[in-house]
Amino acid sequence: MATYAFVLLAVLAVASALAMVLNKNTVNSALFLVLNLMSVAGLYLLLHAQFLAIIQILVYAGAIMVLFLFVIMLLNVDEEESLFDKFRAIYLVAFLLGVVVFGQIVYSLGGVTDLLPEISADMAYVGTVEAVGEVLYTTYLMPFEMTAILLTAAVVGALMIAQYKVKTSDQEE
Amino acid sequence: MAEAEVNSYVVLGAALFMLLNSAAICVYAERRIASFIQNRIGPNRVGPLGLFQPLADVVKLLLKEDVTPVQGFRTIHTIAPMIPVVTALLTVAVIPFGDGIYVTDINAGVLYLLAAASLGVYGVTLAGWASNSKYSLLGGLRAAAQMVSYELPLGMALASVVIFVGSLSVVDVAVAQENWWFVFLNPLGAVIFIIAAFAESNRTPFDLVEAEQELVGGFHTEYSSMKFGMFFLAEYMHVVINSMLITTFFFGSYHLPFAGYWLPEMSTTAKAILDITVFTGKTAFFIFLFIWVRWTIPRFKFNQVMSLGWSRLLPLSILNFIVIAAILFAINA
Amino acid sequence: MDYLYDLNTFIPATIAAAAGLVVLMQSVYKVKINTIFGVTVFSLVVALLFALRDLFGPVGTSFYDMVAYGGTAAFGTLLVITGTLFCVLISRDYLEAIDHHYGEVYAMILFATTGMVGLAVSNDLIMLFVGLETMSICLYVLAGLIKEEKTGAESALKYFLLGAFSTGFLLYGIALIYGATGSTNYADITALTDISPLFMAGSALLLVGFFFKISAVPFHMWTPDVYQGTPTTLTAYFATASKAATFVALILVMSRMMPEIEGVGWTQAISVIAIITMILGNLIALVQDNVKRMLAYSSIAHAGYLLVGLAAGTADGYTGVLYYLFAYTVMNIGAFGVIAFYERNQALDFTDVNNYAGLGYKQPVMAVLLSVFLFSLAGIPPFVGFLAKYYVFAAAVNAGHITLAVVGVLTTAASVYYYLRVMVFMYFREPHKEFDLVNPGAIFKYALIVLCVLTVYYGVEPVFPMGSLIELLTSYYTETGPAGMAGP
């Protein structure tokens with residue numbers, strides 16, 4: 001049962017990722033990305049990583065992609081020209097690089113005999129909210145706090161770039 | 001194990017059945033209450049007291065011609081109305097309707113509810129875009145901005161509940177309110193949650209999404225027949241769902257006030273009947289509140305909605321969370 | 001775990017982060033910009049004192065093995081904080097002159113500093129990544145500070161796109177390493193004995209990510225455009241503090257994480273990169289007329305010299321790199337600082353070397369300072385640049401990398417041309433038109449003079465209060481057995 005679900009979700013994830021890249025219409029691409037994120041969330045669920053799965057949907061599909069769509073709709077981006085109109089040497093290089101990366105992945109999957117690992121109670125516990133929270137506040141406390149600074153800086157930085165002319169107290173006097 | 005599964009399927013079936021029908025009941029209730037508030041009679045011709053009016057409405061919607069804009073985006077135009085219905089139906093999976101009466105108990109149930117709610121925005125946004133009409137598009141964009149903005153105070157208000165419980169399971173949230181409803185412990189959170197829930201379901205005073213004076217019909221301007229019916233259905237389902245959530249998180253779920261202190265032991269069946277009655281009663285009250293507000297309070301301007309969300313509710317909800325966390329820490333330490 | 005003790009080991013970055021938040025709130029409530037500047041400088045001075053204390057303190061790891069303290073990490077922290085402090089000191093007057101003096105700039109600098117320290121002390125790949133990102137995000141924003149002009153927008157966009165691209169490499173490398181070893185902790189990875197191709201691929205990608213950040217050829221394309229479009233004092237910040245942090249992180253990765261593998265040395269790869277970086281950086285710098293672009297290519301070349309020390313892979317090599325980083329920070333901020341001073345005069349475009357004609361006699365102090373810094377960058381004794389190059393090349397020779405040292409010396413000789421060219425213009429050419437230079441201002445001037453004193457003082461092998469600097473650095477690598485592997 002789980003294996004069938006895995007195959008279904010995996011195919012869906014790969015197909016939607018391909019469809020996202022190949023689609024000419026930006027809105028469609030964004031929607032395929034949403035589908036991709038959801039199928040990946042489904043894969044997490046198969047591994048009993050409930051928290052990760054739900055956060056994936058909540059944050060990426062529910063918030064970030066909505067903002068993407070918002071921007072695409074506001075800008076009303078025209079249909080993009082196809083990437084593959086002309087053949088150039090650079091595409092060949094890109095293709096070869098892609099083959100190398102793909103080869104790596106196939107190689108790393110080569111030793112895998114079963115599609116899904118047997119999920120023990122210990123492993124299932126790792127996916128729960130309590131386990132994630134505990135690790136975040138002990139082992140990964142420092143990166144976690146640093147991420148807080150990172151996000152603050154990113155928000156302030158985005159505003160700094162977006163604001164046309166920043167006013168300071170000295171200029172107002 | 002097998003018995004438990006049968007039980008969950010029964011609960012799931014009953015809950016979905018009730019949820020789908022509740023929309024029809026809500027439409028009737030809305031029209032009667034509206035006419036009562038506006039001092040007129042309201043629907044009274046179809047059946048006794050006009051009770052069959054929703055049926056007539058549905059038949060009308062089904063028989064109408066289904067028009068899709070020629071320049072629109074046909075596929076997405078068709079898919080869009082289904083999304084809010086699906087996300088609304090998803091939420092009943094984790095809501096407990098009584099002691100032990102729930103479909104499933106997810107370890108991250110509260111987050112699941114937020115995730116389901118956050119997906120609902122796609123329906124409205126895509127409907128607006130796929131219609132290829134500026135009214136629709138503006139409605140869709142407003143919806144996207146508004147729903148994403150109000151998700152934050154909604155989430156923070158929920159977080160301030162969760163720290164009382166110490167668990168993200170909705171069942172645990174319900175159990176924890178046996179003695180004290182969270183509205184008594186966390187009144188500010190309740191107010192913020194109710195306001196945000198109104199905004200999330202796009203109801204007055206936050207119904208800019210379909211403000212008819214400016215945007216004709218908003219995001220569903222170009223929708224007709226049953227596709228429009230789906231949006232209609234989804235709107236009322238969201239009203240019901242949000243009423244359930246308000247009940248679950250702040251008004252004691254299926255518990256009577258301070259039930260733990262005075263309610264005697266009873267048999268399982270009696271308790272189940274009592275629980276479901278209490279839960280339904282509270283939900284009905286909040287549905288009434290939704291309708292009541294709609295017919296008495298005027299609509300905000302869009303900039304007011306945004307500034308209320310970002311510069312009032314959000315800081316307030318964060319502050320509320322921090323204060324509660326500090327108090328709880330002090331008490332526990 | 002004692003959180004207070006751990007926090008104590010990480011106090012400079014904590015101070016920077018807290019100061020960043022304070023400064024941010026101050027600029028929200030429109031506090032006077034000079035107050036914000038004062039708070040920034042004060043917090044950095046305090047952080048610097050703590051960093052100096054840690055230099056001689058105990059060595060170990062804290063926060064569940066996430067960050068290292070003492071030794072190399074402490075010296076990295078010191079470098080970052082020193083660089084930041086001097087960049088902030090010279091920034092005020094310059095940003096005022098170009099009319100981009102906001103409190104948020106200081107907040108971004110402080111956040112970036114937090115990230116840099118996190119990067120320089122990282123003992124885990126997760127920490128490495130988060131620190132690097134915190135630094136990078138802030139730097140992207142600072143690169144686009146002059147967004148009204150095309151160069152500013154170009155600089156920010158280029159930096160962001162290529163930076164995000166390189167971060168992708170880095171992250172992919174980390175993912176592969178994690179896949180191969182099941183851990184992100186340096187100590188766990190070093191203990192690994194079974195080296196899979198997956199691990200090699202991951203390490204290679206990790207190094208590519210690093211090479212992007214330190215602008216080594218062939219991953220250097222963004223450097224000149226970004227350095228040109230960024231406000232000059234912030235360019236100094238990019239070129240020194242950020243590079244120092246990345247290099248220290250690279251030293252930690254090379255010395256603590258990479259397991260000893262028979263037949264596979266990263267040395268060869270790094271040597272090749274070092275050679276082409278030295279040659280290309282210096283060659284292109286020869287033909288630059290824009291002083292900022294010239295310094296950008298010079299910074300690429302210096303990355304090459306630094307890689308020479310890294311390629312040596314011995315205790316001497318790492319010591320040399322650390323000393324070089326210190327020298328580079330001091331002299332490069334100085335050089336950029338004087339150029340920033342000239343740019344404050346709107347009379348001419350002082351990024352063009354032709355307009356430096358006759359400047360030597362207008363503000364003699366500034367001209368002398370620039371000459372000292374450029375001499376030092378060129379590696380001419382008795383300045384610190386010479387000593388630094390000496391240590392790095394000596395380490396390479398001792399480790400048997402004669403080619404590296406020879407290429408290094410030859411390219412250094414070539415580099416003298418473009419550094420001295422500026423001085424030729426300053427002292428031996430007649431100015432095109434008459435103009436007066438503005439007064440540099442006390443803080444600006446004394447900051448540069450302090451840098452100049454450091455440049456000269458450390459150039460003649462001084463006696464530090466607790467032994468010489470080079471001895472201190474060497475002690476980090478010699479106390480615990482063979483160099484590189486054990487590390488402090």
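This is a predicted model: local features need pLDDT of at least 70, side-chain atom pairs count only at pLDDT 80 or more; totals for chains, interfaces and linings use all residues.

Guide: Two packed helices are described by the angle between their axes and the distance between the axes. Now look at chain B. Helix α4 of chain B covers residues 82-91, and helix α5 of chain B covers residues 109-119. Their axes come within 8 Å. They cross at roughly 170°. That angle is over 145 degrees, so α4(B) and α5(B) are roughly antiparallel to each other.

Next, the residues that meet. From α4(B) come B:Thr87, B:Leu90 and B:Thr91. From α5(B) come B:Leu113, B:Ala116 and B:Leu119. By class, this contact has four nonpolar residues, two polar ones and no charged ones.

Step back to where chain B touches chain A. Chain A puts 18 residues into that contact, and chain B puts in 19. On the side of chain A, helix α3 (residues 50-75) gives the most, with 15 residues. That side of chain A divides into 15 nonpolar residues, three polar and no charged.

Last, a glance at chain C. Its secondary structure comes to 19 helices and two strands. Of the 488 residues in chain C, 61% are buried. The C-alpha atoms of chain C fill a box of roughly 70 × 55 × 45 Å along the principal axes. A compact globule with 488 residues would have a radius of gyration near 23 Å; chain C has 21 Å, which agrees.

Technical notes
Residues are numbered from 1 along each chain as its sequence is written. Chains are lettered from A and ligands numbered from 1 in the order in which they are written. Axes are lines fitted to C-alpha atoms, for helices over the stretch in contact, and angles run from 0 to 180 degrees between N-to-C directions. Helices (H or I, at least four residues) and strands (E, at least two) are DSSP runs, numbered from the N terminus. Angles under 35 degrees count as roughly parallel, over 145 as roughly antiparallel, 65 to 115 as roughly perpendicular and the rest as oblique. Two residues are in contact if their C-beta atoms, placed from the backbone, lie within 7 Å. Ala, Val, Leu, Ile, Met, Phe, Trp, Tyr, Cys and Pro count as nonpolar, Asp, Glu, Lys and Arg as charged, and the others, Gly among them, as polar. The radius of gyration is taken over C-alpha atoms; the globule rule is 2.2 Å times the number of residues to the power 0.38. A residue is buried if 20 or more other C-beta atoms lie within 10 Å of its own, exposed if 12 or fewer, and partly exposed in between; C-beta atoms are placed from the backbone.
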